[in-house]
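Here's a quick briefing to read with the model open beside you. Take a look at the structure first, then work through the notes below.

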Amino acid sequence: MTCPICEKPADKAFRPFCSRRCADVDLSRWLKGSYAIPGPPAGEEDGAMAVDDAESPENRPFGRPDKGMDRE
Ligand SMILES: [Zn+2]
């Protein structure tokens, strides 16, 4: 097995890396990668939808209360 960072032979103590430094490099890459996932983050998407809903009252159908009354 070789170190995925520098491709030197891996050390048993730091498998699959060759050294603690390479393990740290991989960890920081992984952490950065988790923040750079393509596509909108779930939290932002939620906020955008809430704003969109509030800024477009036309999207709220007038028939909504009528439907409620019709059912009752
Ligand atoms: Zn390495």
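Let's start with aspartate 26, which sits in helix H1. Keep in mind that this is a predicted model.

**Aspartate 26**
- Aspartate 26 counts as partly exposed because it has 15 C-beta neighbours inside 10 Å, and a residue would need 20 or more to be called buried.
- Once you set aside neighbours within four places in sequence, aspartate 26 is in contact with Pro4, Ile5 and Phe17.
- Proline 4 is 22 residues from aspartate 26 along the chain, yet their C-alpha atoms are separated by 8.3 Å.

**Serine 19**
- Serine 19 is in the segment before helix H1, and that helix covers 20-35.
- It's another partly exposed residue: serine 19 has 16 C-beta neighbours inside 10 Å, and that is why it gets this label.
- Apart from neighbours within four places in sequence, the contacts of serine 19 are Asp11 and Phe14.
- Isoleucine 5 lies 14 residues from serine 19 in sequence, with 9.8 Å from C-alpha to C-alpha.

- Most residues other than glycine have a negative phi, and most peptide bonds are trans.
- Glutamate 7 is not a glycine, but its phi is positive, at about 65°.
- You'll find glutamate 7 in the segment before H1, where it counts as exposed because it has 10 C-beta neighbours inside 10 Å.
- The peptide bond between arginine 15 and proline 16 is cis, with omega about 0°.
- Proline 16 also belongs to the segment before H1.

**The whole chain**
- How many of the residues count as buried? Of the 72 residues in the protein, 6% do.
- Looking at contacts with a separation of 6 or more, 0% come from residues 24 or more positions apart.

**Confidence**
- Mean pLDDT for the protein is 76, and 47% of the residues reach 70 or more.
- Which element has the lowest mean pLDDT, and which the highest? Helix H2 (residues 42-55) has the lowest, at 56, while H1 has the highest, at 89.

How values were computed
Residues are numbered from 1 along each chain as its sequence is written. This is a predicted model: local features need pLDDT of at least 70, side-chain atom pairs count only at pLDDT 80 or more; totals for chains, interfaces and linings use all residues. Helices (H or I, at least four residues) and strands (E, at least two) are DSSP runs, numbered from the N terminus. A residue is buried if 20 or more other C-beta atoms lie within 10 Å of its own, exposed if 12 or fewer, and partly exposed in between; C-beta atoms are placed from the backbone. Two residues are in contact if their C-beta atoms, placed from the backbone, lie within 7 Å. pLDDT is the predictor's confidence in each residue, from 0 to 100.
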